[in-house]
Amino acid sequence: MTRIQWYILVGCIAVCSLILAGLYFLSPLSQNLFRANFDRSFTSEDRITKEGELDLDITDSYLAGIDDDLIYVGRRSNPFELIVADIKAGTKKVINLQVSDSTEFGNVPGAIVSVDPPYYYIAHGVLPRIYRGKLGNWKVERFMDDSAFFVDALPLTKNSFALRTNNAFTKQFELAKESKIDSPALQFRNGILKKQVDGLFCVDGSMSTDEVSKNLVYLYTYRNQYMVLDTNLHVVAEHHTIDTFSHAQIKVAYVESQGYSTLASPPAQINIDSWVSSNLLYVQSNLLARNEDQGLYERSSTIDVYDVTGGKYLYSFHIPDQHRTKVQDFRIKDQRLVGIFGRYLVTYDLGSNSDLKKEISER
Amino acid sequence: MKKLDLLDVITVLLATLFLYAAVNKLITFQEFQVQISKSPYITRQAWWIAWAVPSIELLIAAALFIPRLQLAALFASFSLMFMFSAYIALVLNFSPYVPCSCGGILNKLGWTEHLIFNIAFTLLAVVGVVFYNRRSRRMEFATA
């Protein structure tokens, strides 16, 4: 190459770099982290203590359920592999579940295992199928005779499931109860999920059931609201979270040529995940509070705690990242938080709720 | 009789890549536009990038075959591939989202594979300039 050509080459690299830098500064990535307009009441950091940790050796795990000291972990890549972990003993056991038509499952991903002692379930929303087995007997039987499609499902009672599914008439996601003993088996509870943008993405949320009150809590992902429902999937109460985002700020586009809807820009996600236990709702929030330390926020996950019976905000705490990973899935039982951080299963002792409330009120 | 040399091979490879990529984006234009607006890097610029990228790809593909523009087209190819490569490297390392919007078989590549593929074509454009010089010198010789 001639000398002039070298100069042109370097010039090209320089111009390209300038364009890329320009794009970066024009993009939301170069902006300071958004700080919301509300304050949190943080408990002191030493209240939350790490109990134990177990290396699961896999990266696609999720929490299926907790039975006293046993934690059940499922694998997204293989729904028939159920891991039973005992963090106190530091052991784990891999169980192979047996399903009569496993070939059908194998071809379509998306089967999820849920454990609700003394039973466990394998649910697939696309086939669709729901199977049930008793813990200890690892061969499952078909549970629902005529399963309904769903996007999300959770065992509601010993004989029913709560589903989030598409309703062709209302043209949005609705909650429904699928029961083995009721007639009709599938009953929609239309109107609980309130459409704000498209009725599909805008009503996205996380569901969890309270092992004490048996209620189900649905927390929206893109707005500051949650609903408490009874075992018949009727709304008992509606409450708000402490942030001020009551309208889903998302942009949805429908791609005609391929026939799908998708988010057309990075969404303003308010809530990441939640779980309810002993009438307390734990919300993993995506927002930085006004009085929150940004460094701490970036190194951990912020959990806000609400009293489900009155909807009152109680206090917040941080779950620090483990092995440079944020908590990806968590559940609470008996004031113990169980979380999956990448390959690791970690448990925390949350202390007593009344102690934490007392600490906040005495400030 | 005209002999096919490596410059022609490189020209055809680059032009084919750009033509294939541009056509793929244009025939699923709405989907392409939606997919790139998912990337936090370019979400605000998606409205004009969606038009600009395939247009530039087509222009370069054409210019590669016009003798007076071939050298410029090679430098333009280098620049474009350099930006694609840098964009992937930045997205992989700094962005919370990694959407894919390339079209066709390029969609099937993993991110690392796609980065290597882009870097290879970036270097190919530079090699093209080298062979362009060789051909120019040979032609000077021939007419001397």
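Is helix α2 (residues 29-36) of chain B mostly covered or mostly uncovered, and how many of its eight residues are buried? Helix α2 of chain B is mostly covered, with six of its eight residues buried. The legends below describe a predicted model, in which local features need pLDDT of at least 70 and side-chain atom pairs count only at pLDDT 80 or more, while totals for chains, interfaces and linings use all residues. Residues are numbered from 1 along each chain as its sequence is written, chains are lettered from A and ligands numbered from 1 in the order in which they are written, and side-chain values use heavy atoms, with hydrogens and water left out.

Figure 1. The buried residues of α2(B) are B:Phe29, B:Glu31, B:Phe32, B:Val34, B:Gln35 and B:Ile36. Buried means under 20% relative accessible area, exposed over 50%, and partly exposed in between (1.4 Å probe, protein chains only). The cover over these residues includes β18 (252-255) and β19 (260-263) of chain A, together with α1 and α3 of chain B. Helices (H or I, at least four residues) and strands (E, at least two) are DSSP runs, numbered from the N terminus.

**Figure 2. Packing of helices α1 and α3 in chain B.** Helix α1 (residues 6-27) and helix α3 (residues 46-63) of chain B pack at an angle of about 150°, with their axes 8 Å apart. Axes are lines fitted to C-alpha atoms, for helices over the stretch in contact, and angles run from 0 to 180 degrees between N-to-C directions. The two helices, α1(B) and α3(B), are therefore roughly antiparallel to each other; angles under 35 degrees count as roughly parallel, over 145 as roughly antiparallel, 65 to 115 as roughly perpendicular and the rest as oblique. On the side of α1(B), the contact is made by B:Ala15, B:Phe18, B:Leu19, B:Ala21, B:Ala22, B:Lys25 and B:Leu26. On the side of α3(B), B:Val53, B:Pro54, B:Glu57, B:Leu58, B:Ile60 and B:Ala61 take part. Contact means heavy atoms within 4.5 Å. Eleven residues of the contact of α1(B) with α3(B) are nonpolar, none is polar and two are charged (Ala, Val, Leu, Ile, Met, Phe, Trp, Tyr, Cys and Pro count as nonpolar, Asp, Glu, Lys and Arg as charged, and the others, Gly among them, as polar).

**Figure 3. Overall make-up of chain B.** Chain B has five helices and zero strands, in the pattern α-α-α-α-α along the sequence. Of its 144 residues, 49% are buried.

**Figure 4. Cis peptide bonds in loops of chain A.** A:Pro117 and A:Pro118 are joined by a cis peptide bond with omega of about 5°. A:Pro118 lies in the loop between β6 (111-116) and β7 (119-124) of chain A. The loop between β7 and β8 (129-134) of chain A holds A:Pro128.

**Figure 5. Positive phi values in loops of chain A.** A:Asp57 has phi near 70°, a positive value in a residue other than glycine. This residue, A:Asp57, sits in the loop between β1 (49-55) and β2 (61-67) of chain A and is exposed, with a relative accessible area of 52%. For A:Lys171, also not a glycine, phi is positive and near 60°. A:Lys171 is placed in the loop between β11 (160-167) and β12 (172-179) of chain A and counts as exposed at 63% relative accessibility.
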